[in-house]
Amino acid sequence: MLIAESDGNRIDAFTAERGPTYHCPKCRGEVVLKKGRKVVHHFAHKPPITCTWVKGETRAHMESKVIVAAALKERGLRAELEFVVNTLPGDRRADVMAWSPKGLQIAFELQHTPIGIDEIERRALSYARAGIAQIWIPFLTSRVWDGGVPRHGGWFVERYSPRHFERWVHGFNGKNGMWMYDPNDKAFWLGRLTGHQTYVEESTWFLEGGEENYSGGFWKYSKRFKELTLEGPFKAEDLLIAVSKRRAFSTSRYHWPAARIANLTPSKP
Ligand SMILES: [Zn+2]
């Protein structure tokens, strides 16, 4: 984690000094300040670790939060790491919370691990009800690079099997597309999913009596695969934030609440 408490104050691992005793804001357990040369500065629980906030935490995830918060602060916005929103279900921390100059809150959810549809829908609804704009950013995985090719200065994956929450995020964002984060390059890509067609082979057979029958011989949209087009890479500091509103919409699988959504736009063409 990046934020701990000392004498009742929130302190981030970058400004924290060795010496004082630090506590986890969640479980109140003592945490140790880690300031390495290669690893992002953070706090670590002492074993045995039972705290729910440690679950699924990775260095890449911590690093992504630091990168986003630093880019926001760089342009003069208030930004807080691991900001607690009391009305959020489950883990109450937004990865990064930013404030627009007019005071609108914008939550960044950097999704390094898959999240269940029920959970993402509850969380999204909770942000929406609190009037907090939100942006969900899935992490890119190696299968994107292994399964794709360069195209139009970006990247193209012809047969991409999106994770459920990625389908949800893509639907939530509508025409904005879906921003994704590459933890290796520490860069952002704008992703769009479109239908992938597969060819159903033609086959012929004969009924009794010699009547000829055909099947197949046409293209159909794959349920499993989508085509993924990635535009990028972009560095966090080159992306501007815009907030818009979307309406509620449901399909048989997904429910998207009416919400304020944040979108990123490259500041340089
Ligand atoms: Zn804890």
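A: Helix α1 supplies the largest share, 3 residues. The volume of the largest cavity is about 110 Å³. The structure holds 1 cavity of 30 Å³ or more.

Some terms first. A cavity is a set of points, on a 1 Å grid over the protein atoms alone, where a 1.4 Å probe fits but cannot get out; lining residues have an atom within 4 Å of a point. Its volume is the space filled by probe spheres set on the points, which are joined across faces, edges and corners. Helices (H or I, at least four residues) and strands (E, at least two) are DSSP runs, numbered from the N terminus.

This is a predicted model: local features need pLDDT of at least 70, side-chain atom pairs count only at pLDDT 80 or more, and totals for chains, interfaces and linings use all residues. Residues are numbered from 1 along each chain as its sequence is written, and side-chain values use heavy atoms, with hydrogens and water left out.

Stay with α1 for a moment. His 61 sits in this helix. His 61 counts as buried because its relative accessibility is 6%; buried means under 20% relative accessible area, with a 1.4 Å probe and protein chains only. Leaving aside residues up to four places away in sequence, His 61 touches Asp 95, Leu 110, His 112 and Phe 139. A contact here means heavy atoms within 4.5 Å. His 61 and Thr 113 are 52 residues apart in sequence, yet their C-alpha atoms lie 9.1 Å apart.

Now step back to the chain. It has 4 helices and 20 strands. Its C-alpha atoms fill a box of roughly 90 × 45 × 35 Å along the principal axes. Of its 269 residues, 45% count as buried. Among contacts with a separation of 6 or more, 56% join residues 24 or more positions apart.

Another helix, α4 (residues 164-173), is mostly covered, with 8 of its 10 residues buried. Those buried in α4 include Phe 165, Trp 168 and Phe 172. Just after α4, Gly 174 takes a positive phi of about 60°.

How values were computed: Buried < 20%, exposed > 50% of the residue type's maximum accessible area, 1.4 Å probe, protein only. 1 Å grid on protein atoms, 1.4 Å probe; cavity = no way out; pocket = protein on both sides within 12 Å on 5 of 7 lines; lining within 4 Å.
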